[in-house]
Amino acid sequence: MVGRCYSSGMFRGSLDPPRFSIIITCHNQSAYIRDAVNSALEQGYQSKEIVVVDDASSDASPQILKEYGDKIHFAAFQTNQGCTASRNLGAAMATGEYFVFLDGDDVMLPWALDVYDRIVSIKKPKIILSCMQWFDNSVHQLQPESVPGQIEFAEYELLMKRDRRYQAGGSAIVMERQAFGQVKGWTDQFFPLEDIDMLMKLGNSGPVVQILSPSTKGYRIHSDNVRHRVPAMVGGLYKVMQREKSGVYPGGASLRRARYAVLGAPVWFWIKSAFKTGLYGTAMGVLVRGWPMFLAACAQKIGTVIGGRRKAEVLSFEFKPKETRERDSQNADNASAMPVGQTSRP
């Protein structure tokens, strides 16, 4: 089932595993996969590894990925298994303290790992919900904001206690290794809305930091995005709702209202999306099944308006691009190699 095409030794055998494992998955994304891998390689933060899993692509993706040699750990399925199986394989290969997932058509912004490290060093959360920036098709159309000088975030004791809107995405959830293991990873063969399913599974896992700014991920909009296929997305939503009603998600009765409120946002979004695309029967079906979740979300919104949201916090942040770090490191090496008493000036 799995063909291990290439695996490097970047951190293998090291006594100190990396803080972050960037896990990239792809299926027939040869037009985009270089952008994804390069955005991971261009992270100036050093304590990282990059794991890439190809889900039995029939295009040039495997050949492109082999070109990276020992810069990445690479594995490939021989038959298509789906994105959740690919992410779980990548996690099984990874050695990092935190898992940073990235879809093969998305990208990381240059400061992403530095932002996560700053948060982890101070707050030590189980989960980080990152902020995404959307861009159309070409990575050249991604307009990253100016280099951030601070990080704005909100901290919650549990994911289900959030009181801010969040745009979920497989590339936008950073998970501590232990938290990922406790929920047994991504639900096998669950797609789409596997990201909502994962949020529900992580709801009782421990402290959460939601990044409000800066953006750390770029989500690419193109014709093959599954979000354009409304019936498929609604089918995924129905599966999440059924799992909630079956008692699959943690927290029991005490967190049921909070879980319903989390589901209320996608319920309302897909009602609107179905109406906009003329799928009126589908929209009514979502309303009939999801009205309790929608009402719970409305009640939470009203409570937030009256009582206020959790206060945001701000951390100072200094970012150096990879090229600057490499130049500083080279200058330091040159200085240390000079004979005692000699200066760099003639």
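What covers the buried residues of helix H9 includes H7 and H8, where buried means under 20% relative accessible area, exposed over 50% and partly exposed in between (1.4 Å probe, protein chains only). This is a predicted model, so local features need pLDDT of at least 70, side-chain atom pairs count only at pLDDT 80 or more, and totals for chains, interfaces and linings use all residues. Residues are numbered from 1 along each chain as its sequence is written, and side-chain values use heavy atoms, with hydrogens and water left out. Helices (H or I, at least four residues) and strands (E, at least two) are DSSP runs, numbered from the N terminus.

**Helix H9**
- The buried residues here are Ala283, Val286, Gly290, Met293, Ala296, Ala297 and Thr304.
- H9 (residues 280-307) has a kink of about 70 degrees at Gly290, shortly before the proline Pro292; the bend at a residue is the angle between axes fitted to the seven residues ending there and the seven starting there.

**H7 against H8**
- H7 (residues 230-245) and H8 (residues 256-276) pack at an angle of about 165 degrees, with axes 11 Å apart. Axes are lines fitted to C-alpha atoms, for helices over the stretch in contact, and angles run from 0 to 180 degrees between N-to-C directions.
- The two helices are therefore roughly antiparallel (under 35 degrees counts as roughly parallel, over 145 as roughly antiparallel, 65 to 115 as roughly perpendicular, the rest as oblique).
- Among the residues that meet are Leu237 and Met241 in H7, and Leu263 and Trp270 in H8; contact means heavy atoms within 4.5 Å.

**Asp114**
- You'll find Asp114 in helix H4 (residues 112-123).
- Asp114 counts as buried, because its relative accessibility is 11%.
- Leaving out residues up to four places away in sequence, Asp114 touches Tyr45, Phe317, Phe319 and Arg325.

- Most residues other than glycine have a negative phi, and most peptide bonds are trans.
- The Phe191 to Pro192 peptide bond is cis, with omega near 0 degrees, and Pro192 sits in the loop between H5 (177-182) and H6 (194-201).
- Ser213 and Pro214 are also joined by a cis bond, with omega about 5 degrees.
- Lys184 isn't a glycine, but has a positive phi of about 60 degrees; with a relative accessible area of 72%, Lys184 is exposed.
- Gln189 has a positive phi too, near 60 degrees, and lies in the loop between H5 and H6.
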